[in-house]
Amino acid sequence: MTREERLLADLVGVPSPSGEEGAAAATLCDLLPRFGWEEATVDEAGSVVARRGSGGRELLLLGHLDTVPGGPEVRLEGEVLWGRGSVDAKGPLCALGVSGGRIPLPPGWRVTLVAASGEEADSRGTRHRLPLHAPAACLVGEPTGTDGVALSYRGRVLLSLEGEDGGAHRSGDPGPLAAAVRAAAAILEEAEAREGHSGAVLGMEGHEAGRRTARVDLDLRLPLGASVAGCLEWAAEVAARRGLTLRVRDAVEPHGVDRLDPAVQALRVAVRGEGMTPRLLAKQGTADFNLAAAWGCPLAVYGPGDSRMDHTSEERLDLGEYRRALGVLDRALPLLMDRA
């Protein structure tokens, strides 16, 4: 196993579910200076921030350190590393960390690596960093496969339908719990009927005796061209018809970049340079890429791994793919700084 592969294996070996990233952050801070980073610290939100150079133009490499819970036992089987986070998204993060630490920096440039906390929950790490940077270009590390470049992610609205009353007999008044379930079903059906939308139930709770209460939490995804405001308009109408309160827990707009974006172009050229044919991807999930749109700079997503493995008991990464991704990034990052 090479030292670059050992970095990934060591990081995957430290569990880091959202909100419990501390041990993994300490491990990464300890290891990054061995890969060319001049400093690596943990910020107030629990993200690791590493830096090289002092130029006025910043290349920002944004990955995330946290994972969802669970996953397969961490192990190496031949060239395949199993474990939670190997694909989503410690593999892409480590690839950015290795390449970003060894590429030559042109005059006037600096490079920053952010291993953000909380991406799988509330994106608190990236939200904390947004006002602290004004990058000239940004690459986000998420699994796209070694030949894939992601141009867009859907938006997301997390909302709750809530209701309560002072109590009644269910034979005459089915109450707020029934109202919340029916409203949730209507909203999910509406989402399904709208092109590119989808929805899921995150959880529900209620009490059907005496003072009756209800809450249903929904996760709605929005395609490019849709908006958070438009989604909330039709969802609020459904909630109002059932006498429920709609509360927004989080909302992120969909975002996409053009195939001629300098970050996309740099990655496409680099993929070809490594002997592959680039694929341009429209992702169905939501990521810190959506938030990074606020920087208004060249932006794209790249990283090793098959995203179909995300969050599953089969999560694993072929180390050959990891090495190929390093080759792509070693070509793409200098190209991006030249074009941005």
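Colleague: Which helix does N290 lie in?
Modeller: N290 lies in helix α8, residues 288-292. Keep in mind that this is a predicted model.

Colleague: And is N290 buried or exposed?
Modeller: Buried: the relative accessible area of N290 is 6%, and the cut-off for buried is under 20%.

Colleague: What does N290 touch, leaving out residues up to four places away in sequence?
Modeller: The contacts of N290 are Y153, R154, G155, V252, E253, P254 and H255.

Colleague: Which backbone oxygen lies 3.1 Å from a polar atom of the N290 side chain?
Modeller: That's the backbone oxygen of R154.

Colleague: OK, on to strands. What is the order of the open sheet with three strands?
Modeller: The order is β4-β5-β16, with antiparallel pairing. The edge strands are β4 (75-77) and β16 (316-318), each pairing on one side only. On average, neighbouring strands in this sheet are turned by 20 degrees against each other, direction ignored.

Colleague: How many bridges join β4 to β5?
Modeller: Three, with β5 covering residues 80-82. L76 has L81 in β5 as its bridge partner.

Colleague: Which helix lies across β4, β5 and β16?
Modeller: Helix α9, residues 319-339, and it runs at about 65 degrees to β16.

Colleague: Now the hairpin of β1 and β2. Which residue there takes a positive phi?
Modeller: G46 does, near 90 degrees, and the hairpin has five residues between the strands. Strands β1 (residues 39-42) and β2 (residues 48-53) pair in the antiparallel sense over four bridges.

Colleague: What's the bridge partner of V42 in β2?
Modeller: V48 is the bridge partner of V42.

Note on methods. Residues are numbered from 1 along each chain as its sequence is written. This is a predicted model: local features need pLDDT of at least 70, side-chain atom pairs count only at pLDDT 80 or more; totals for chains, interfaces and linings use all residues. Side-chain values use heavy atoms; hydrogens and water are left out. Two strands pair if DSSP finds at least two bridges between them. Helices (H or I, at least four residues) and strands (E, at least two) are DSSP runs, numbered from the N terminus. Axes are lines fitted to C-alpha atoms, for helices over the stretch in contact, and angles run from 0 to 180 degrees between N-to-C directions. Contact means heavy atoms within 4.5 Å. Buried means under 20% relative accessible area, exposed over 50%, partly exposed in between (1.4 Å probe, protein chains only). A polar contact is a pair of N or O atoms within 3.5 Å; within protein, one must be able to donate a hydrogen and the other to accept it, and residues adjacent in sequence count only if both atoms are side-chain atoms.
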